[in-house]
Structure formats: structure tokens, C-alpha cells
Amino acid sequence: SELNLEQQKFQIVNQFTKEKNVNIKMALALGLKHTQDPEIQVILNQALVEENDYRVKINIIRALNAYDYINSVENILSLIDEENPHVADAAIHYLGQSGNKEDSGIYREIASKMDSSFLKPKLYASFFKSIPYYYTKTRNAARYDIQQQLEKEQNNRMIAAYLTALSNDINSYELIFKNAENST
């Protein structure tokens, strides 16, 4: 059953904003995902910008998955190039869960400009999860981007990560098969 915090939500968010103990603040942030109150989303977005502890930031991002995408996406996108890779990973995961087809081109553009790191294929995976099948030009462009990466990639884990990203694209089976064959 779904947790109902309607009567306590403002007490919880009030405690969240003034809490100093990181472990308690992390739990309070996650608890706030059980309400979709727009006022609380505003507070979570503000806390996401102001918070210094990466663990709390990650839990705020997780909580924001339950809220309206359009009111949080700018903050989330700004965290993709966050210095802390765990925060960046949580932001990319958010896009994979809550991403919007209208913004999928933005995800692809960011991914294509990223330095080669484990986050790049994850962002491509989020892109493929958010984009409809009929966005063929954008899908083809992303597939081409990944193909270029695969041709120069030497690290087997990175190759596997790119192939995992492609697994979210039905038209990539030939590319996946070809690269899987080459890596054995």
C-alpha cells in the first residue's frame, strides 16, 4: 500500500530543511517522494541546488522522480556534469525513469559532447528509454554516435556499457551482435 503523508508532509519538509544530521536528512528526503505536493517540489528543487552532501542530493533526485518532470528537469540536467560521479549518475538515472520524449534530443546532444566515461553510455541508455520508436532520425543519430565510440573503444567494460545502452533500441540488434562477436 502507498504511504500517505498528507497530514505530516509539511512537518517532514520543515524538519528536512533544518536537519543537520546527514543520515536523517537523507531519509527525510526519500520520505518526501510519497507526496506530490508542488510546494514540496519547490523546496526539494531549492535543496538540490543548495545541498553540499552528495548522498542527500542523490536522495533528493530519487524523491523528485515522484514529482512533475517539467518542474525539476533543469536542475537535474545541470547535475549531469557534476563533479561527483554518483550525483551525475543519479541525474542520468532520473532521466531514464522520468525522461520526456520532447527532451530526448537534449539528452543525446549532452551525451555526444560528454567525455568518455561510464556516464556517457548511461546517458545514451536514458535517451533510448525516453524516445519513442518513431523518432527515427534522432535514434539513428544516437546509434551512429555510439557506433563511432565503439570503433575506438578498447575497454571491454565501456563496450559492454554501450551495448547495454543499445539494448534499449530495437534497431540496434545488428550493431550489438557485430560488437559482441568482435569482443569475444
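This is a predicted model: local features need pLDDT of at least 70, side-chain atom pairs count only at pLDDT 80 or more; totals for chains, interfaces and linings use all residues.
**Entry 1. Overall layout.**
I started with the secondary structure. I counted 11 helices and zero strands in the protein. Read along the sequence, the pattern is α-α-α-α-α-α-α-α-α-α-α. I then looked up the extent of the C-alpha trace, which spans about 55 × 30 × 30 Å along the principal axes.

**Entry 2. α3 against α4.**
I took helix α3, residues 38-50, and looked up how it sits against α4. Their axes come within 9 Å and cross at roughly 150°. An angle over 145 degrees counts as roughly antiparallel, so α3 is roughly antiparallel to α4. The crossing in which α3 passes α4 is left-handed. I listed the residues in contact: α3 contributes Q41, L44, N45, A47, L48 and V49, and α4 contributes K57, I60, I61, A63 and L64. Sorted by class, the residues of this contact are eight nonpolar, two polar and one charged.

**Entry 3. α6 against α8.**
Next I looked up helix α6 (residues 85-98) and helix α8 (residues 119-130). The two axes come within 8 Å and cross at roughly 15°. Angles under 35 degrees count as roughly parallel, and α6 and α8 are therefore roughly parallel to each other. As for handedness, α6 passes α8 in a left-handed crossing. On the α6 side I noted P85, A88, D89, I92, L95 and G96; they meet L119, K122, L123, S126, K129 and S130 in α8. The contact of α6 with α8 has six nonpolar, three polar and three charged residues.

**Entry 4. α9 against α11.**
The residues R143, Q147 and L150 in α9 meet L175, K178 and N179 in α11. I divided the residues of the contact of α9 with α11 into two nonpolar, two polar and two charged.

**Entry 5. The largest pocket.**
I then turned to pockets. For the largest pocket I have a volume of about 240 Å³. Its lining holds 16 residues, and D89, A90, I92, H93 and Y94 are the ones nearest the centre. The elements giving two or more residues to this lining are α4 (54-64), α6 and α8. Which element gives the largest share of the lining? I found that α6 does, with eight residues. By class, I recorded six nonpolar, six polar and four charged residues in the lining of the largest pocket.

**Entry 6. Cross-check.**
I went back over the residue lists. D89 and I92 are in the α6 contact with α8, and D89 and I92 are also listed nearest the centre of the largest pocket. α4 meets α3 through residues including I60 and I61, and α4 also gives two or more residues to the lining of the largest pocket.

Definitions and conventions. Residues are numbered from 1 along each chain as its sequence is written. Side-chain values use heavy atoms; hydrogens and water are left out. Axes are lines fitted to C-alpha atoms, for helices over the stretch in contact, and angles run from 0 to 180 degrees between N-to-C directions. Helices (H or I, at least four residues) and strands (E, at least two) are DSSP runs, numbered from the N terminus. Angles under 35 degrees count as roughly parallel, over 145 as roughly antiparallel, 65 to 115 as roughly perpendicular and the rest as oblique. A crossing is left-handed if the near helix is turned anticlockwise from the far one by less than a right angle, and right-handed if clockwise. Contact means heavy atoms within 4.5 Å. Ala, Val, Leu, Ile, Met, Phe, Trp, Tyr, Cys and Pro count as nonpolar, Asp, Glu, Lys and Arg as charged, and the others, Gly among them, as polar. On a 1 Å grid over the protein atoms alone, a cavity is a set of points where a 1.4 Å probe fits but cannot get out, and a pocket is an open set with protein on both sides within 12 Å along at least five of seven lines; lining residues have an atom within 4 Å of a point. Grid points are joined across faces, edges and corners, and a volume is the space filled by probe spheres set on the points.
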